[in-house]
Amino acid sequence: LLVHGWPGSIVEFLDLIARLAERFDVVAPSLPGYTLSFAPGQKRFGVEDIASTFTKLMTEVLGYKRFGTQGGDWGAFITSRMAATRPELFTGLHLNYLTVPRDITAADADWQAQLADWVKERSAYSIIQGTRPQTLAYGLTDSPAGLAAWIAEKFHAWTDNDGTIESAIARDDMLANISLYWLTGAIGSSFWTYYARTHGPWPVPFPITVPTAYAAFPKEILRPPRAVAEKYYTNIQRWTAMEKGGHFAALEQPQALARDIGDFFASYQT
(Lines give C-alpha, C1' and ligand atoms only; values in the text may rest on other atoms or scores of the structure.)
Protein backbone atom coordinates (compact mmCIF):
# COMPACT_ATOMS: atom_id res chain seq x y z
CA LEU A 1 0.00 0.00 0.00
CA LEU A 2 1.52 3.31 -1.14
CA VAL A 3 0.14 6.41 0.57
CA HIS A 4 0.92 9.94 -0.60
CA GLY A 5 0.62 13.26 1.21
CA TRP A 6 0.06 16.97 0.57
CA PRO A 7 0.45 18.59 -1.93
CA GLY A 8 1.05 15.28 -3.61
CA SER A 9 -1.20 12.90 -5.49
CA ILE A 10 -0.92 9.53 -7.18
CA VAL A 11 1.09 11.31 -9.90
CA GLU A 12 4.14 11.10 -7.66
CA PHE A 13 3.87 7.30 -7.56
CA LEU A 14 3.64 6.52 -11.27
CA ASP A 15 7.32 5.68 -11.77
CA LEU A 16 7.56 4.00 -8.38
CA ILE A 17 4.52 1.79 -9.08
CA ALA A 18 6.07 0.56 -12.32
CA ARG A 19 9.25 -0.41 -10.48
CA LEU A 20 7.52 -2.08 -7.52
CA ALA A 21 4.95 -3.94 -9.62
CA GLU A 22 7.68 -6.35 -10.73
CA ARG A 23 7.85 -7.70 -7.16
CA PHE A 24 4.62 -6.70 -5.39
CA ASP A 25 0.91 -6.26 -5.72
CA VAL A 26 0.68 -2.46 -5.50
CA VAL A 27 -2.31 -0.53 -4.14
CA ALA A 28 -2.00 3.26 -4.51
CA PRO A 29 -5.22 5.13 -3.68
CA SER A 30 -5.77 8.86 -3.65
CA LEU A 31 -6.33 10.16 -0.15
CA PRO A 32 -10.04 10.74 0.53
CA GLY A 33 -10.72 14.41 -0.19
CA TYR A 34 -7.74 14.67 -2.53
CA THR A 35 -8.00 15.01 -6.33
CA LEU A 36 -9.51 11.82 -7.77
CA SER A 37 -11.04 10.89 -4.40
CA PHE A 38 -12.99 14.12 -3.93
CA ALA A 39 -16.58 15.02 -4.63
CA PRO A 40 -18.28 18.28 -3.54
CA GLY A 41 -20.14 17.91 -0.27
CA GLN A 42 -18.52 14.66 0.79
CA LYS A 43 -17.34 13.96 4.33
CA ARG A 44 -14.02 15.51 5.29
CA PHE A 45 -11.26 13.13 6.43
CA GLY A 46 -8.49 13.50 8.97
CA VAL A 47 -5.61 11.06 9.50
CA GLU A 48 -7.63 8.84 11.82
CA ASP A 49 -10.49 8.47 9.34
CA ILE A 50 -8.18 7.84 6.38
CA ALA A 51 -6.24 5.20 8.29
CA SER A 52 -9.47 3.40 9.18
CA THR A 53 -10.70 3.66 5.59
CA PHE A 54 -7.48 2.26 4.14
CA THR A 55 -7.43 -0.60 6.64
CA LYS A 56 -10.93 -1.54 5.49
CA LEU A 57 -9.87 -1.14 1.86
CA MET A 58 -6.99 -3.58 2.26
CA THR A 59 -8.76 -6.17 4.40
CA GLU A 60 -12.52 -6.05 3.75
CA VAL A 61 -12.58 -4.80 0.14
CA LEU A 62 -9.39 -6.30 -1.34
CA GLY A 63 -9.15 -9.26 1.01
CA TYR A 64 -5.51 -9.07 2.12
CA LYS A 65 -4.84 -10.81 5.43
CA ARG A 66 -1.46 -9.08 5.80
CA PHE A 67 0.31 -6.37 3.86
CA GLY A 68 3.15 -3.85 3.94
CA THR A 69 2.93 -0.10 3.54
CA GLN A 70 5.05 2.80 2.38
CA GLY A 71 4.41 6.46 3.12
CA GLY A 72 5.80 9.95 3.32
CA ASP A 73 4.24 13.22 4.53
CA TRP A 74 0.60 12.50 5.54
CA GLY A 75 1.15 9.03 4.12
CA ALA A 76 3.66 8.44 6.91
CA PHE A 77 1.11 9.57 9.51
CA ILE A 78 -1.61 7.40 7.99
CA THR A 79 0.45 4.23 7.61
CA SER A 80 2.03 4.71 11.04
CA ARG A 81 -1.42 4.98 12.61
CA MET A 82 -2.52 1.87 10.75
CA ALA A 83 0.52 0.02 12.07
CA ALA A 84 -0.07 1.25 15.61
CA THR A 85 -3.74 0.30 15.71
CA ARG A 86 -3.65 -2.94 13.69
CA PRO A 87 -0.09 -4.30 13.99
CA GLU A 88 -1.21 -7.87 13.34
CA LEU A 89 -1.96 -6.94 9.72
CA PHE A 90 1.54 -5.69 8.93
CA THR A 91 4.47 -7.40 7.28
CA GLY A 92 6.39 -4.15 7.53
CA LEU A 93 6.22 -0.35 7.60
CA HIS A 94 8.49 1.59 5.21
CA LEU A 95 8.72 5.36 5.63
CA ASN A 96 10.57 8.25 4.09
CA TYR A 97 9.22 10.65 6.73
CA LEU A 98 9.04 10.06 10.48
CA THR A 99 6.02 11.24 12.44
CA VAL A 100 7.73 11.78 15.78
CA PRO A 101 6.34 14.52 18.07
CA ARG A 102 8.10 17.84 17.63
CA ASP A 103 9.68 18.16 21.05
CA ILE A 104 11.84 21.28 21.11
CA THR A 105 13.35 20.18 24.44
CA ALA A 106 15.01 17.13 22.86
CA ALA A 107 18.68 16.82 23.72
CA ASP A 108 19.95 16.53 20.14
CA ALA A 109 21.19 20.00 19.08
CA ASP A 110 20.69 19.46 15.35
CA TRP A 111 17.12 18.29 15.91
CA GLN A 112 16.45 21.36 18.05
CA ALA A 113 17.82 23.59 15.29
CA GLN A 114 15.63 21.90 12.66
CA LEU A 115 12.51 22.38 14.79
CA ALA A 116 13.34 26.02 15.53
CA ASP A 117 13.84 26.72 11.83
CA TRP A 118 10.59 24.91 11.00
CA VAL A 119 8.58 27.06 13.43
CA LYS A 120 10.20 30.33 12.38
CA GLU A 121 10.56 29.97 8.62
CA ARG A 122 8.63 27.01 7.19
CA SER A 123 5.36 26.31 9.02
CA ALA A 124 3.13 29.24 7.98
CA TYR A 125 1.38 27.22 5.27
CA SER A 126 0.36 24.51 7.74
CA ILE A 127 -0.92 27.08 10.25
CA ILE A 128 -3.26 28.77 7.78
CA GLN A 129 -4.35 25.44 6.26
CA GLY A 130 -5.01 24.16 9.76
CA THR A 131 -6.86 27.20 11.10
CA ARG A 132 -8.44 29.08 8.16
CA PRO A 133 -8.62 26.49 5.38
CA GLN A 134 -11.82 27.76 3.81
CA THR A 135 -10.58 31.33 3.43
CA LEU A 136 -7.47 30.15 1.62
CA ALA A 137 -9.47 27.68 -0.47
CA TYR A 138 -11.58 30.42 -2.08
CA GLY A 139 -8.52 32.17 -3.47
CA LEU A 140 -6.80 29.02 -4.70
CA THR A 141 -9.97 27.59 -6.23
CA ASP A 142 -10.57 30.85 -8.10
CA SER A 143 -7.06 31.36 -9.48
CA PRO A 144 -5.06 28.71 -11.36
CA ALA A 145 -1.97 30.92 -11.07
CA GLY A 146 -2.49 31.21 -7.32
CA LEU A 147 -2.92 27.45 -6.96
CA ALA A 148 0.16 26.77 -9.06
CA ALA A 149 2.23 29.21 -7.00
CA TRP A 150 1.02 27.74 -3.68
CA ILE A 151 1.93 24.18 -4.67
CA ALA A 152 5.04 24.92 -6.77
CA GLU A 153 6.62 26.75 -3.84
CA LYS A 154 6.56 23.48 -1.91
CA PHE A 155 8.17 21.61 -4.80
CA HIS A 156 10.89 24.24 -4.78
CA ALA A 157 11.41 24.37 -1.01
CA TRP A 158 11.12 20.65 -0.29
CA THR A 159 13.11 19.02 -3.11
CA ASP A 160 16.84 18.44 -3.39
CA ASN A 161 17.36 20.90 -6.22
CA ASP A 162 20.08 23.25 -7.45
CA GLY A 163 17.84 26.32 -7.32
CA THR A 164 15.33 25.24 -9.94
CA ILE A 165 12.52 22.73 -9.42
CA GLU A 166 13.28 21.03 -12.73
CA SER A 167 16.69 19.92 -11.50
CA ALA A 168 14.88 17.65 -9.00
CA ILE A 169 11.66 16.65 -10.77
CA ALA A 170 10.24 16.95 -14.26
CA ARG A 171 8.13 20.03 -14.92
CA ASP A 172 5.44 17.89 -16.54
CA ASP A 173 5.13 15.80 -13.37
CA MET A 174 4.70 18.91 -11.24
CA LEU A 175 2.15 20.40 -13.64
CA ALA A 176 0.23 17.13 -13.78
CA ASN A 177 0.04 17.12 -10.00
CA ILE A 178 -1.13 20.75 -9.87
CA SER A 179 -3.62 20.11 -12.65
CA LEU A 180 -5.25 17.28 -10.70
CA TYR A 181 -5.97 19.67 -7.85
CA TRP A 182 -7.26 22.33 -10.25
CA LEU A 183 -9.46 20.10 -12.40
CA THR A 184 -11.04 18.33 -9.43
CA GLY A 185 -11.47 21.45 -7.28
CA ALA A 186 -10.00 19.53 -4.37
CA ILE A 187 -7.53 21.98 -2.84
CA GLY A 188 -9.91 23.08 -0.06
CA SER A 189 -10.85 19.56 0.98
CA SER A 190 -7.19 18.53 0.95
CA PHE A 191 -6.57 21.06 3.73
CA TRP A 192 -8.82 19.11 6.07
CA THR A 193 -6.01 16.81 7.21
CA TYR A 194 -4.29 19.95 8.54
CA TYR A 195 -7.46 21.27 10.18
CA ALA A 196 -8.16 17.94 11.89
CA ARG A 197 -4.54 17.66 13.03
CA THR A 198 -4.53 21.21 14.45
CA HIS A 199 -7.75 20.70 16.38
CA GLY A 200 -7.14 17.19 17.68
CA PRO A 201 -4.53 15.09 19.48
CA TRP A 202 -1.40 13.73 17.84
CA PRO A 203 -2.93 11.22 15.42
CA VAL A 204 -0.34 8.45 15.78
CA PRO A 205 -0.48 6.45 19.03
CA PHE A 206 2.96 5.27 20.11
CA PRO A 207 4.88 3.04 20.39
CA ILE A 208 4.85 1.42 16.96
CA THR A 209 6.16 -2.13 17.23
CA VAL A 210 5.91 -3.50 13.67
CA PRO A 211 9.14 -3.99 11.68
CA THR A 212 10.04 -0.54 10.37
CA ALA A 213 12.39 0.84 7.72
CA TYR A 214 13.32 4.47 7.20
CA ALA A 215 14.83 5.92 4.04
CA ALA A 216 16.60 9.08 5.22
CA PHE A 217 16.74 11.53 2.32
CA PRO A 218 19.16 14.42 2.95
CA LYS A 219 16.76 17.26 2.03
CA GLU A 220 13.70 15.95 3.87
CA ILE A 221 11.93 18.81 5.64
CA LEU A 222 12.45 17.33 9.13
CA ARG A 223 15.04 14.66 9.89
CA PRO A 224 14.89 13.36 13.46
CA PRO A 225 17.96 11.42 14.60
CA ARG A 226 17.67 7.69 15.07
CA ALA A 227 17.92 8.02 18.86
CA VAL A 228 14.77 10.16 18.84
CA ALA A 229 12.95 7.99 16.31
CA GLU A 230 13.57 4.81 18.30
CA LYS A 231 11.62 6.19 21.25
CA TYR A 232 8.48 5.99 19.13
CA TYR A 233 9.27 3.37 16.47
CA THR A 234 10.62 0.60 18.67
CA ASN A 235 11.37 -1.99 15.98
CA ILE A 236 13.47 -0.16 13.41
CA GLN A 237 15.12 -2.86 11.29
CA ARG A 238 16.54 -0.70 8.52
CA TRP A 239 17.82 2.89 8.43
CA THR A 240 19.20 3.90 5.04
CA ALA A 241 21.09 7.17 4.50
CA MET A 242 20.12 8.07 0.94
CA GLU A 243 22.61 9.96 -1.22
CA LYS A 244 20.22 12.49 -2.77
CA GLY A 245 16.57 13.50 -2.57
CA GLY A 246 14.08 15.44 -0.54
CA HIS A 247 10.49 15.34 0.62
CA PHE A 248 9.02 14.11 -2.68
CA ALA A 249 11.17 10.99 -2.73
CA ALA A 250 8.98 8.97 -5.09
CA LEU A 251 9.25 11.72 -7.72
CA GLU A 252 12.85 12.71 -7.08
CA GLN A 253 14.53 9.34 -6.61
CA PRO A 254 12.08 6.56 -7.60
CA GLN A 255 14.81 4.04 -8.41
CA ALA A 256 16.56 4.47 -5.05
CA LEU A 257 13.30 4.43 -3.14
CA ALA A 258 12.02 1.33 -4.94
CA ARG A 259 15.29 -0.47 -4.26
CA ASP A 260 15.14 0.34 -0.55
CA ILE A 261 11.51 -0.76 -0.28
CA GLY A 262 12.23 -4.01 -2.10
CA ASP A 263 15.34 -4.79 -0.07
CA PHE A 264 13.53 -4.17 3.20
CA PHE A 265 10.61 -6.45 2.48
CA ALA A 266 12.87 -9.10 0.97
CA SER A 267 15.21 -9.16 3.97
CA TYR A 268 12.69 -8.87 6.78
CA GLN A 269 9.54 -10.97 6.53
CA THR A 270 7.44 -12.26 9.42
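Pro207 sits in the loop between H10 and strand E4 (212-216). Helices (H or I, at least four residues) and strands (E, at least two) are DSSP runs, numbered from the N terminus. The bond from Phe206 to Pro207 is a cis peptide bond, with omega about 5°. The model is predicted, so local features need pLDDT of at least 70 and side-chain atom pairs count only at pLDDT 80 or more, while totals for chains, interfaces and linings use all residues. Residues are numbered from 1 along each chain as its sequence is written, and side-chain values use heavy atoms, with hydrogens and water left out.

A cis peptide bond also runs from Trp6 to Pro7, with omega near 0°. Pro7 belongs to the loop between strand E1 (2-3) and helix H1 (14-20). For Thr35, a residue other than glycine, phi is near 40°. Thr35 lies in the loop between H1 and helix H2 (47-61). Its relative accessible area is 1%, and Thr35 is therefore buried (under 20% relative accessible area; exposed is over 50% and partly exposed in between, with a 1.4 Å probe and protein chains only). For Asp73, also other than glycine, phi is near 55°. Asp73 is placed in the loop between E2 and H3. Asp73 is buried too, at a relative accessible area of 12%.

Helix H7 (residues 144-158) has 15 residues, which at 1.5 Å a residue should span 21 Å. The expected span is 1.5 Å times one less than the number of residues. The end C-alpha atoms of H7 are 21 Å apart, in agreement. Leu147, Ile151, Ala152, Lys154, Phe155 and Trp158 are the buried residues of H7. Seen down the axis of H7, these residues fall within an arc of 150°, so they line one face of the helix. The arc is that of the directions from the helix axis to the C-beta atoms. The buried residues of H7 pack against helix H5 (124-131), helix H6 (133-142), helix H8 (171-184), helix H9 (187-190) and helix H12 (249-252).

Asn177 lies in H8. Asn177 is buried, with a relative accessible area of 2%. Leaving aside neighbours within four places in sequence, Asn177 is in contact (heavy atoms within 4.5 Å) with Pro7, Gly8, Ser9, Val11, Ile151 and Phe155. Ser9 and Asn177 are 168 residues apart in sequence, yet their C-alpha atoms are 6.3 Å apart in space.

Helix H4 (residues 109-122) has 14 residues and should span 20 Å at 1.5 Å a residue; its end C-alpha atoms are 19 Å apart, which agrees. Trp111, Gln114, Leu115 and Trp118 are the buried residues of H4. They fall within an arc of 95° seen down the axis of H4, so they line one face of the helix. Ala109, Lys120 and Glu121 are exposed on the other side of H4. The cover over the buried residues of H4 includes H5 and helix H11 (226-229).

Ser80 is part of helix H3. Its relative accessibility is 0%, and Ser80 counts as buried. Beyond neighbours within four places in sequence, Ser80 is in contact with Leu93, Leu95, Thr99, Val204, Ile208 and Tyr233.

Cavities and pockets were computed on a 1 Å grid over the protein atoms alone. A cavity is a set of points where a 1.4 Å probe fits but cannot get out. A pocket is an open set with protein on both sides within 12 Å along at least five of seven lines. Lining residues have an atom within 4 Å of a point. Grid points are joined across faces, edges and corners, and a volume is the space filled by probe spheres set on the points.

The structure holds one cavity of 30 Å³ or more. The largest cavity has a volume of about 120 Å³. It is lined by 18 residues, with Gly5, Glu12, Gly72, Asp73 and His247 nearest its centre. Strand E2 (67-71) and H12 each supply at least two residues of this lining.

The largest pocket has a volume of about 370 Å³. It is lined by 15 residues, and Arg102, Trp118, Ser126, Tyr194 and Arg197 are the closest to its centre. Helix H3 (74-85), H5 and helix H10 (192-198) each give two or more residues to the lining of the largest pocket. H5 provides the largest share, four residues.
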